[in-house]
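Subject: A structure for you to look at

Hi,

Here is the structure I promised to pass on to you. Have a look at it first, and then read on for what I found.

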Amino acid sequence: MARARQDARLVTETAIEEVPVRWRRVAVRGPSMSPTLADGDVVLVSFGATVRPGEVVLVRWPARPGQLSVKRAERPVDDGWWVRGDNPFGSTDSRTLGPAAVLAVARARLWPRPGRLPAAPSRHV
């Protein structure tokens, strides 16, 4: 009986380790996504989700592999996605760094005002 419990535990632990993490909480830093998101907001992101133009996404640029950023997906390009911050005056994005690799799609704000993320603000620049 003890052997069966041990085997079951090993199977369970192995299965858990093989399941990829699909959801994560991500803290937003900086003003680049204002007014949609503010510094300190926490969003829930889904890895492996299909990206659509206009969605808020978690990205990484080849030029800055150690940095993750939250931006808005504009359009797919050959090397990834063209992304921009909602704040045109306070965002380092594809206009400077080129296409980004999208890692996950933000589905909702968890803190401080839980709820769905609003659509992209209109650009008056």
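To read the pattern below, you need to know that helices and strands here are DSSP runs, a helix having at least four residues and a strand at least two. With that in hand, the protein reads α-β-β-β-β-β-α-β along its sequence, which gives 2 helices and 6 strands. Please keep in mind that this is a predicted model.

How far can you trust it? The mean pLDDT of the protein is 86, and 80% of its residues reach 70 or more. Residues 3-16 are another matter: their pLDDT is below 50, and beyond near neighbours in sequence the stretch has 0 contacts in the model. Where pLDDT is low, the predicted coordinates should not be read in detail.

The 6 strands form an open sheet in the order 1-2-6-3-4-5, with antiparallel pairing. Strand 1 (23-27) and strand 5 (80-84) stand at the edges with a single partner strand each, so one side of each has no neighbour in the sheet. From one strand to the next, the twist averages 50°.

Strand 6 (residues 101-111) pairs with strand 2 (residues 42-47) over 6 bridges, in the antiparallel sense. In that pairing, Val 45 stands opposite Ala 106, and Val 43 has Arg 109 as its bridge partner. Strand 6 also pairs with strand 3 (residues 56-61), again antiparallel, over 4 bridges. There, the bridge partner of Leu 58 is Ala 104.

Next, find Ser 94, which lies in helix 2 (residues 94-97). Is Ser 94 buried or exposed? Its relative accessible area is 1%, and buried means under 20%, so Ser 94 counts as buried. The side chain of Ser 94 reaches the backbone oxygen of Gly 98 at 2.8 Å. Setting aside neighbours within four places in sequence, Ser 94 is in contact with Trp 61, Trp 81, Trp 82, Val 83, Pro 99 and Ala 100.

Finally, a few totals for the protein. Of its 125 residues, 35% count as buried. Its accessible surface comes to about 7,900 Å², and 56% of that belongs to carbon and sulfur atoms. Among contacts between residues at least 6 apart in sequence, 53% join residues at least 24 apart.

Enjoy exploring it!

Best wishes

Key. Residues numbered from 1 in each chain as written. Heavy atoms only, no water. Buried < 20%, exposed > 50% of the residue type's maximum accessible area, 1.4 Å probe, protein only. Polar contact = N/O pair within 3.5 Å; in protein donor to acceptor, adjacent residues only side chain to side chain. Contact = heavy atoms within 4.5 Å. Areas by Shrake-Rupley, 256 points an atom, 1.4 Å probe, with all protein chains shown as cover. Pairing = 2+ DSSP bridges. pLDDT = per-residue confidence, 0-100. Axes fitted to C-alpha atoms, helices over the stretch in contact; angles between N-to-C directions.
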